[in-house]
Amino acid sequence: MAEFAQIQSKQDLEKWLQAKKIDITQWGTGTAKSVERLYCEIEQGECRLQMEPPLRVLDIVQLLIYRQDKILVEKFQELSDARRRERNILPSEKMKPGETWQAAAMRCLKEELEWAAQNGKIITS
């Protein structure tokens, strides 16, 4: 079973990254996540850090949305600071602590596509 780091502060995270010899000099530039943003994800329960091998672990839901012979793909993601990141993947969302995958899927539709999915139907799990 995987062991996870106990990160209580941004300083704890920076020390953990240094101990794992993870170069953070380019973090927060281009489309790279900042150390501060990673800490926010950890603090909010959106992800956790596996000790060995060092990995960022998160639970996500991905949606397969299709009409006739076309599949919806998220071409890019607009970040909170107006940067854009190429994606080219199915629409997806990080699950929040205690959230069901169904609730995360509906939140994805609302947040990413601005579609209130009351009329939507989940056809597979």
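Student: What percentage of the residues in the chain is buried?

Tutor: This is a predicted model, so every value here is computed from predicted atoms. Of the 125 residues in the chain, 25% are buried.

Student: How many helices and strands does the chain have, and in what order do the elements run?

Tutor: There are three helices and eight strands. Starting at the N terminus, the order is α-α-β-β-β-β-β-β-β-β-α. The C-alpha trace spans about 50 × 35 × 20 Å along its principal axes. Among contacts with a separation of 6 or more, 48% are between residues 24 or more positions apart.

Student: Next, the nonpolar cores. Which residues form the largest one?

Tutor: The largest nonpolar core has 11 residues: Ala5, Ile7, Leu13, Trp16, Leu17, Val35, Leu38, Tyr39, Ile42, Cys47 and Leu49. Two elements give two or more residues to this core, helix H1 (10-19) and helix H2 (35-43). H2 provides the largest share, four residues. Another core lies apart from it and has seven residues, including Val61, Met95, Ala104 and Leu109.

Student: What does Leu13 touch, leaving aside its neighbours within four places in sequence?

Tutor: With those neighbours left aside, Leu13 is in contact with Ile7, Val35, Leu38, Tyr39, Ile42 and Leu49.

Student: Cys47 is in the list for the largest core. How many disulfides are there in the whole structure?

Tutor: First the general idea. A disulfide is a covalent bond between the sulfur atoms of two cysteines. A search of this whole structure finds zero disulfides.

Student: Now the strands. How should I read them, and how do strands S6 and S7 pair?

Tutor: In a regular strand the side chains alternate between the two faces of the sheet. Here strand S6 (residues 74-78) and strand S7 (residues 84-89) pair in the antiparallel sense, over four bridges. S6 and S7 form a hairpin with five residues between them. In the turn, Ala82 has a positive phi of about 80°.

Student: Which salt bridge do Arg84 and Glu78 make, and are they buried or exposed?

Tutor: The side chains of Arg84 and Glu78 meet in a salt bridge at 3.9 Å, N to O. Both residues are exposed.

Student: How many salt bridges are there in total?

Tutor: The count comes to 13 salt bridges. One of them joins Glu46 and Arg37, with the closest N and O atoms 3.6 Å apart. Glu46 is buried, with a relative accessible area of 14%, whereas Arg37 is partly exposed, at 32%. Another joins Glu99 and Arg107, at 2.8 Å between the closest N and O atoms. Glu99 and Arg107 are both buried. Salt bridges that share partners also join Lys33, Arg37, Glu41, Glu46, Arg56 and Lys94 into one network.

Student: Where does Glu99 lie, and what else does its side chain reach?

Tutor: Glu99 lies in the loop between S8 and helix H3 (101-113). Its relative accessible area is 18%. The side chain of Glu99 reaches the backbone nitrogen of Lys96 at 2.9 Å. Leaving aside its neighbours within four places in sequence, Glu99 is in contact with Lys94, Ala104 and Arg107.

Student: Which polar contact does the side chain of Glu93 make with Arg107?

Tutor: The contact is between the two side chains, at 3.1 Å. Glu93 is found in strand S8 (residues 92-94) and is buried, with a relative accessible area of 12%. Beyond its neighbours within four places in sequence, Glu93 has contacts that include Asp59, Ile60, Val61, Cys108 and Glu111.

Note on methods:
Residues numbered from 1 in each chain as written. Predicted model: local features only at pLDDT ≥ 70, side-chain atom pairs only at ≥ 80, totals over all residues. Heavy atoms only, no water. Disulfide = S-S within 2.5 Å. Pairing = 2+ DSSP bridges. Salt bridge = Lys/Arg side-chain N within 4 Å of Asp/Glu carboxyl O. Buried < 20%, exposed > 50% of the residue type's maximum accessible area, 1.4 Å probe, protein only. Core = buried A, V, L, I, M, F, W, Y, C linked by side-chain atoms within 4.5 Å. Contact = heavy atoms within 4.5 Å. Polar contact = N/O pair within 3.5 Å; in protein donor to acceptor, adjacent residues only side chain to side chain.
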